Amino acid sequence: MASFSLHLSPSYAFRNFTVRATQVSANGAPFSKSKSGGPVILEIPLDKIRRPLMRTRANDPEKVQELMESIQEIGLQVPIDVLEVDGAYYGFSGCHRFEAHQRLGLPTIRCKVRRGTKETLRHHLR
């Protein structure tokens, strides 16, 4: 937080007030911070998200195309779920949305980020 002084008029003394800055993602959605340690919404570069299960199944091309059109028109409506372990991001869901962003050439994607341990990551990889 930053503190500023504002001079209202010559007859008033200086008043102090606080300004709270919030960042907004590329698609206009505000970033959120979790006070309880729960998930947070962040805009993450696509190249920073590891997709360890990407080769286990192919995405439906029609669904990806529909998502691309929707994202171009109204933006991403539901963030993908990402697990953050030791500063690295792992995506296990939202495969179609992720591919749609890639094919559109978008640099980032909105994610619901949960923190996890290496054990949690191993559980997801089974």
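How many helices and strands does the chain have? Color by secondary structure and you'll find 3 helices and 7 strands; here helices (H or I, at least four residues) and strands (E, at least two) are DSSP runs, numbered from the N terminus.

Before you click around, keep in mind that this is a predicted model, where local features need pLDDT of at least 70, side-chain atom pairs count only at pLDDT 80 or more, and totals for chains, interfaces and linings use all residues. Residues are numbered from 1 along each chain as its sequence is written, and side-chain values use heavy atoms, with hydrogens and water left out.

**The whole chain**

Trace the cartoon from the N terminus and the elements go β-β-β-β-α-β-β-α-β-α. Of the 126 residues, 29% are buried. Buried means under 20% relative accessible area, exposed over 50%, and partly exposed in between (1.4 Å probe, protein chains only).

Next, show contacts (heavy atoms within 4.5 Å). Of those between residues at least 6 apart in sequence, 69% join residues at least 24 apart.

**Salt bridges**

Time to look at charges. Side chains of opposite charge can pair when their charged atoms come close. A salt bridge here is a side-chain nitrogen of Lys or Arg within 4 Å of a carboxyl oxygen of Asp or Glu, and the count comes to 6.

Select R114 and D81. They form a salt bridge, with the closest N and O atoms 3.4 Å apart. This pair links distant parts of the chain: R114 sits in strand β7 (residues 108-115) and D81 in strand β5 (residues 80-85), 33 residues apart. Both ends are partly exposed, R114 at 37% relative accessible area and D81 at 30%.

Jump to helix α2 (residues 95-104), where R103 and E99 lie 4 residues apart, about one turn of the helix. Their side chains meet in a salt bridge at 3.7 Å, N to O. R103 is partly exposed at 45%, and E99 is also partly exposed, at 23%.

Finish at helix α3 (residues 118-125) and pick R122 and E119. What separates them along the helix? About one helical turn, because they are 3 residues apart. In the R122–E119 bridge, the closest N and O atoms are 3.1 Å apart.
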